[in-house]
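Trainee: I am new to this structure. Could you show me how to read it, feature by feature?

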Amino acid sequence: MRALVLRDLRLALRAGGGFGLGLAFLLIIVTLVPFGIGPDRALLGAVAPGILWVGALLAVLLSLDRIFALDHEDGSLPLLVTSPLPGEGIALAKAAAHWLTTGLPITLAAPVLGLLLDLAAPARLWLLLALALGTPALSMIGTFGAAVTLGVRRGGLLLSLLVLPLYMPVLIYGAELARRGAAGEAVTTPLLMLAGITLATLALLPFATALVLRVNLR
Amino acid sequence: MSFFWTRGAASRWPSCRFDPVAAVVVRDLSVARGGVVLLHGLAFTVEPGAALVLRGPNGIGKTSLLRTLAGLQPPVAGRVTGAGEDAAYAGHADGVKAQLTVAENLAFWAGVHGRALDDAVFRRFDLAALRERLAGTLSAGQRRRLGLARLAVTGRPVLLLDEPTVSLDAASVAGFARWLQDAHLAQGGSAVIATHIDLGLHAPVLDLAPFRAPADAPGSAHEAFL
């Protein structure tokens, strides 16, 4: 599994690997939003957590179809599936590599990008926490979606339609955690729900992903 | 240009010695592709140390048979024992990452199979001079040699080879056949090979034409999700 994660990280950092694409996308969204809703700083600060969460969601979505499609094209996916790695291990390793190349950079960059939206300092910390808890679930759900749409021509749009509804609970509790934290309200419920969703996806979806991969490779 | 194993040299690469493994036994096997049964009633045994060459016209189901042996698709009927976990499959695509170097590609497969990468494999597959080259810049034949070198790296005793000599030049084909005979089969490994050219192996040939399924054979419902 370590070999697979390291290979995917190396591939992402090489030319054409797509590392930083999601980050650049998020930066552009954050830059565009003030043009769209005007330079009202109080309003911008209030919507900033939600904007950053939706932006992070879309940025993650951009890179999902690369998770399995590239390995499918060059024939390494069947070789991986017949290797000693269990299918669940492949799914987890792929999701981990995806999170390290998109979710983690987005999490770390979001508080800084929050400055552009006049996000207050305590709110930035809560946003960091919410993204750190929620983005692993985004990568895992996306890995599952990528496995389901494997081999479908131009499956990117189908993948978005499949995955975005599944992202809804993460978005709801993630944005709520950031908002409540910033407002100084009780955060226990969204915090526990968000952590629970992430843990549940990490516990269940590798098995579903492995099963779907096997069926789609037939 | 002699880059593969010479006789006797294989014993200097102890990692290629296999534990005694069971023979690959195929009984009453039916194979389908896309819901259409291609082959039926197939039965053969490949003992350790032996190879079997598959022959048959295009579309008869050589690739589907090898994929079934590899466990990539379930048989429609019948049984396969002795392959699966012990088998290394090499299909039409080499599974080579263009953005990684030759050495990185092989090191990855060694890591996935929990083995150390032996330097000898570069010499034996004539890849020593290409070690640090990005695989994307290799020629088709060089890329195929890298794909075949992966088989040695996995250390698995049963090789399932689908047209392994495509885009190899004559010297490389002869070298690969020597490697297969001296370093793989002689060490107790076995192989099932679909090929149209004579590799010069002392191996029985199985003509698949008599096993062609009738057009009305019951199909399979194993389709992809989408």
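Trainee: Which residues of α5(B) are buried?

Mentor: In α5(B), the buried residues are B:Ser172, B:Gly175, B:Phe176, B:Arg178, B:Trp179, B:Leu180, B:Gln181, B:Ala183 and B:His184. A residue is buried if 20 or more other C-beta atoms lie within 10 Å of its own, exposed if 12 or fewer, and partly exposed in between, with C-beta atoms placed from the backbone. Helices (H or I, at least four residues) and strands (E, at least two) are DSSP runs, numbered from the N terminus.

Trainee: How should I read the numbering, and where does the model come from?

Mentor: Residues count from 1 along each chain as its sequence is written, while chains are lettered from A and ligands numbered from 1 in the order in which they are written. The model is predicted: local features need pLDDT of at least 70, side-chain atom pairs count only at pLDDT 80 or more, and totals for chains, interfaces and linings use all residues.

Trainee: What covers the buried residues of α5(B)?

Mentor: The cover includes α3 (120–124), α4 (140–154), β6 and β7 (190–194) of chain B. Contact means C-beta atoms, placed from the backbone, within 7 Å.

Trainee: What about a nonpolar core?

Mentor: In soluble globular proteins, nonpolar side chains tend to be buried together. A nonpolar core is a set of buried Ala, Val, Leu, Ile, Met, Phe, Trp, Tyr and Cys residues joined through C-beta atoms within 7 Å. Here the largest has 127 residues, and A:Ala56 and B:Leu160 are among those that touch the most other members. Helix α7 (residues 121–148) of chain A gives the most to this core, 14 residues.

Trainee: Which residues does A:Ala56 touch, not counting residues up to four places away in sequence?

Mentor: A:Ala56 touches A:Leu26, A:Ile106, A:Ala110, A:Leu131 and A:Thr135, with that exclusion.

Trainee: Now the strands. How many bridges join β1(B) and β2 of chain B?

Mentor: Two strands pair if DSSP finds at least two bridges between them. β1(B) and β2 (residues 36–46) pair in the antiparallel sense over seven bridges. B:Val24 stands opposite B:Val46 in β2(B). Two residues sit between the strands of this hairpin, and B:Gly34 has a positive phi near 60°.

Trainee: Which phi does B:Asp28 have?

Mentor: Its phi is near 50°, a positive value in a residue other than glycine. B:Asp28 lies in strand β1 (residues 24–33) of chain B. B:Asp28 is exposed, with 12 other C-beta atoms within 10 Å.

Trainee: And between the chains?

Mentor: 29 residues of chain A are in contact with 22 residues of chain B.

Definitions and conventions
Contact = placed C-beta atoms within 7 Å.
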